[in-house]
Structure formats: C-alpha cells, structure tokens
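Let's take a walk through a protein chain together, one piece at a time. Keep the picture open while you read.

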Amino acid sequence: MLFPLLNTPARLFANAKKEKVRVGMIGVGARGQNHLNLCLRRKDVEVVAICDPDTKWAIPKSREMISKAYDAKRKVAEYSDGPEDFRKMLKRDDIDAVIIATPWEWHTKQAIAAMKAGKIPAVEVCGASDIQECWELVDTSESTGIPVFAMENVSYRRDVMAVLNMVRQGLFGELTHLQGGYQHDLRSVKFNNGQQLYGGGVEFGEKAMSEAKWRTNHSVHRNGDLYPTHGLGPVSNMININRGNRLISLSSVATKSRGLHKYIVDKGGKDHPNANVEFKLGDIVSTLIRTNNGETILLSHDTNSPRPYSLNFRVQGTNGLWMNDMESIYVEGKSPYDQWEKSGSFKDENSYMGRYDHPLWKRYAADTSGAGHGGMDWFVINSFIESIKREAPFAQDVYDLATWYAITPLSEQSVAEGGSVQYIPDFTRGAWINRKANFALDGEW
Ligand SMILES: NC(=O)c1ccc[n+]([C@@H]2O[C@H](COP(=O)([O-])OP(=O)(O)OC[C@H]3O[C@@H](n4cnc5c(N)ncnc54)[C@H](O)[C@@H]3O)[C@@H](O)[C@H]2O)c1
C-alpha cells in the first residue's frame with residue numbers, strides 16, 4: 001500500500017476506503033495488552049495474530065482476552081518461538097498493519113522488517129540507540145512507500161489537546177518557550193520480584209518480569225534522556241515541528257545517579273547483590289532544545305526519585321502561559337494582573353479547559369471510557385486505524401518518530417561531553433519547509 005508521505009494534508013485523502021484493518025500484534029506484554037484490548041473492542045479491526053516469546057504470561061493472558069472478545073470459531077494465530085518469530089508472522093498475507101510494543105532495542109528492527117514485508121507499523125515510544133537507526137526508519141519508509149505511525153499517546157491527552165486548541169486560537173500570543181518531560185517515579189517499575197509487574201522486590205534482568213526485565217539495564221549503561229517523546233511529542237505538535245518548523249540543536253546535562261541504588265539498599269538491604277550495581281543514568285537529565293523558528297524547549301527526564309507524576313508541561317508565549325503543574329494559566333488582559341488562574345475542568349464550560357476542549361474529545365469522550373491513561377490511548381489506536389482506512393497520512397509520522405527518537409543518542413553524547421551542543425538531523429531532508437500541520441486539525445479523527 002503506497003501512502004502519500006510528504007507534503008500532503010491529511011484531509012485531501014480523507015475518503016473512507018477500507019472497512020476493516022487486519023492487525024498483528026508484536027509484543028503483548030503490559031502495553032501490548034492495552035493495545036490488544038482496544039483493538040478487540042473495535043469492529044473495524046480484526047486481530048489476526050499475536051507474537052511474543054513469553055509463553056508464561058504474555059501469550060496466555062492475551063489468549064484469554066481474545067477468547068473473551070471473539071467467538072471460538074475465530075482463530076488468532078500465535079507466534080512465540082523465540083525473539084525472531086515475528087519474521088514468520090510478517091510473512092502472512094492477511095495482515096495489513098502491526099502494533100509494536102516490545103523492549104526498546106527491538107522497535108526499529110521490527111518496524112523495518114514490517115515495512116519490508118509490506119505491513120504498516122505503529123511503533124511504541126522510546127529513544128533510539130543511535131542516529132543511524134533513525135535514518136534507517138526514514139530510508140526504509142521512503143524506499144518501500146510504507147508509512148510509520150508514532151504511538152505518542154500524550155499528544156492526545158485531554159488537557160494537552162485543549163491547550164493545543166488554545167495555541168491555535170492564539171490565546172498565548174506567539175509561542176516562545178515550551179517545556180515537557182517524563183517525570184515519573186519508575187522505581188517500582190524498574191524493580192520487582194519476578195512475580196508481579198510493579199515492586200515487591202529489587203530484582204531486574206532475568207529474575208524480574210515485564211519492564212524490569214529489560215528497561216532497567218538501560219539505566220545501568222546509559223546516561224541521557226532515555227524517554228523523550230511524552231514531553232516532546234505534544235509540544236512538537238504545538239509549534240509544528242517537521243511542518244514549517246524544525247528542531248535545530250540540543251544540549252543536555254545530568255545530575256549524579258543516586259535514586260536507584262538508594263532504592264535497592266532501602267528495600268533489599270545493603271547486602272543484596274544489586275546493591276553493588278553502578279547505575280549510569282543521572283537522576284535528573286535536563287535537555288534544552290533550540291528550534292528553527294526561535295522557540296526553546298526544555299525536556300526533563302526524572303524517573304529515579306520519589307515524586308508525584310508530572311509531565312512538566314509549560315507552554316508560553318508573548319501573551320501568557322499554561323503549566324500543567326497546579327493546573328495554572330495566566331493570560332494577559334484576561335487574568336488578574338500577576339496572578340495565576342486555575343485552568344479548570346472540562347465539565348465547567350466557563351473554565352479555560354471547558355471552553356477550549358478539543359472537538360475530538362467532545363466527540364469521542366464516551367468511546368474512551370476504560371481505555372488506558374485517562375482515555376488518550378483510545379485516540380492513538382483510533383488515529384492509526386482511521387488513517388489506514390482512509391489512506392490518509394499519519395498525524396505523527398516517520399519523520400516525527402525519527403526526530404523524537406534522535407533526542408536520546410544526541411542527549412547521551414551531549415551529557416558525555418559536559419553539555420556540548422549536538423545538531424539534530426533534518427530527517428525530512430528539507431521537506432519540513434513546505435509540509436503542513438495535520439495533527440488533530442478537526443473533530444473527525
Ligand atoms: N505510551 C505509553 O504510555 C507506554 C506505556 C508503557 C509502555 N510503553 C512502551 O511500550 C513498550 C513495551 O513496554 P511494556 O510495558 O509492555 O513492557 P513489557 O516488558 O511488559 O512487554 C514487552 C513484551 O515484549 C515481548 N518481547 C520481547 N522481545 C520480543 C520480540 N523480539 N518479539 C516479540 N515480542 C517480544 C516481551 O516478552 C514482553 O511480553 C516499550 O517501548 C515501552 O516504553 C509505552
């Protein structure tokens with residue numbers, strides 16, 4: 001299937017063409033099961049196959065979900081013969097698209113194999129290992145004509161979309177500075193006891209399960225912003241990155257690494273073997289990005305310390321700003337001078353959030369019930385499936401994925417060189433100048 005990849009507004013291709021999308025799932029662990037659930041709920045999706053080498057938990061749990069949703073006659077194939085079995089699944093000719101929710105080191109490999117097999121990949125978030133990987137994604141997409149969907153879900157968070165609406169309506173004036181990040185106490189995700197998803201022990205690697213099995217190792221060996229997309233994706237949409245604007249350069253610095261070692265000692269004792277592990281990842285990594293159009297973006301990566309969850313958003317312009325912490329907003333000429341206002345609730349039509357609620361949320365809020373992360377995960381799957389059905393360009397595409405993924409290796413390089421400036425490649429090869437914004441432009445999908 002050849003999609004218009006560059007320079008084409010989504011709506012030019014917005015005629016519904018396909019009624020059903022046949023999906024294969026690669027990786028049905030914690031996150032893959034969320035996506036599986038959303039796919040099983042949709043009449044326009046047929047789950048054809050699942051693939052995961054974990055036959056103790058991931059496959060049986062997914063099988064159970066499938067048997068509850070589908071009648072017994074509908075067979076869903078399973079591929080669980082080791083980590084390369086996805087290649088066998090990709091040989092099937094009854095799969096249109098695949099959803100990749102595997103450990104980070106597999107994303108690019110699997111997305112490239114999918115494109116080469118003619119399947120459209122949706123790829124979960126993370127950062128790349130190196131810049132070469134990002135170019136491979138772009139090059140393969142361009143040479144095969146198969147588009148890639150970047151599964152950044154926070155772009156679809158209700159408050160984030162309302163703020164996007166405020167930005168588009170000029171409430172903050174011309175944007176100058178944005179902030180975002182991943183500030184999430186992941187200590188009980190990075191360590192568990194091998195029996196439960198979160199906490200209960202201080203194991204990681206082979207003795208652990210789910211993300212502690214593989215994610216924690218990145219904290220042992222790498223020091224940089226390892227998870228940039230939740231902060232960067234949403235603010236990129238607000239300033240049209242890769243569509244009239246682009247990221248130019250970054251500089252990153254990291255604090256010392258203390259939190260993970262302290263957690264092991266506090267929970268497992270100083271004699272636990274993992275108390276000897278040296279973690280490279282600084283507790284807080286700060287990355288300052290410069291854009292072509294003159295904005296700065298400050299990203300934070302903060303996953304090793306006790307703290308309430310916050311993605312640290314701040315969207316600031318010549319006329320005011322919004323910050324997600326404390327749900328605060330200030331608009332010159334509307335807010336009392338020098339005083340924060342509350343951004344308010346979607347239920348209150350007189351509040352900022354109520355007034356600027358995005359048309360997509362107004363339309364689909366009821367459908368999102370039960371979907372992960374407050375409903376935003378529903379929009380990710382919806383956007384992926386509806387775009388395929390209509391043969392419309394993805395709202396978050398391969399150029400976005402490559403750009404966001406690139407932050408990780410560049411920030412590692414910058415931290416290693418004491419905050420040196422790193423230049424961010426233009427993965428669109430100049431097409432950003434003429435590409436037009438197409439993220440959530442109206443209330444359709
Ligand atoms: N967007 C979000 O909000 C969000 C939330 C959680 C996780 N994630 C991302 O989703 C991805 C998966 O995370 P998770 O929490 O499900 O981890 P997980 O460890 O629970 O699941 C990963 C699954 O992939 C399987 N797997 C490993 N190698 C494979 C291979 N070669 N082929 C097929 N399957 C393979 C594992 O057996 C496991 O079941 C990661 O990239 C993570 O960062 C995103």
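How many bridges join β12 to strand β13 (residues 328–331), and do the two run parallel or antiparallel? Four bridges join them, and the strands run antiparallel. Before we go on, some ground rules: this is a predicted model, where local features need pLDDT of at least 70, side-chain atom pairs count only at pLDDT 80 or more, and totals for chains, interfaces and linings use all residues. Residues are numbered from 1 along each chain as its sequence is written, and side-chain values use heavy atoms, with hydrogens and water left out.

Helices (H or I, at least four residues) and strands (E, at least two) are DSSP runs, numbered from the N terminus. Two strands count as paired if DSSP finds at least two bridges between them. Strands of a sheet pair through backbone hydrogen bonds, either parallel or antiparallel.

Back to β12 and β13, then. Look for W322, which stands opposite I329 in β13. The hairpin of these two strands has four residues between them, and M326 takes a positive phi near 65° there. On its other pairing, strand β12 (residues 320–323) is joined to strand β11 (residues 314–317) by four bridges, again antiparallel. Here R314 has M323 of β12 as its bridge partner. β11 and β12 also form a hairpin, with two residues between the strands.

Now find the open sheet. Six strands build it in the order β3-β2-β1-β4-β5-β6, and their pairing is parallel. β3 (77–79) and β6 (149–150) stand at the edges with a single partner strand each, so one side of each has no neighbour in the sheet. Strand β5 (residues 120–123) pairs with β6 in the parallel sense over two bridges, and A122 stands opposite F149 in β6. Helix α1 packs on this sheet, touching β1 (21–26), β2 (45–51) and β4 (97–100), where contact means heavy atoms within 4.5 Å. The direction of α1 makes about 155° with that of β2 (axes are lines fitted to C-alpha atoms, for helices over the stretch in contact, and angles run from 0 to 180 degrees between N-to-C directions).

Helix α1 (residues 30–41) also packs against helix α2 (residues 58–69), at an angle of about 15° and with the axes 10 Å apart. The two are therefore roughly parallel to each other (angles under 35 degrees count as roughly parallel, over 145 as roughly antiparallel, 65 to 115 as roughly perpendicular and the rest as oblique). On the α1 side, Q33, L36, N37 and L40 make the contact, while α2 brings A58, K61, S62, M65, I66 and A69.

Another helix pair is worth a look. The axes of helix α6 (residues 158–168) and helix α9 (residues 229–238) come within 9 Å and cross at roughly 25°. That makes α6 roughly parallel to α9. In this contact, V160, V163, L164, V167 and R168 of α6 meet P234, N237 and M238 of α9.

Finally, think about charges. Side chains of opposite charge can pair when their charged atoms come close. Counting a salt bridge as a side-chain nitrogen of Lys or Arg within 4 Å of a carboxyl oxygen of Asp or Glu, the model has 26 salt bridges. One of them joins the side chains of E124 and R31, at 2.7 Å from N to O. This pair links distant parts of the chain, 93 residues apart: E124 lies in the loop between β5 and α5 (131–144), and R31 lies in helix α1.
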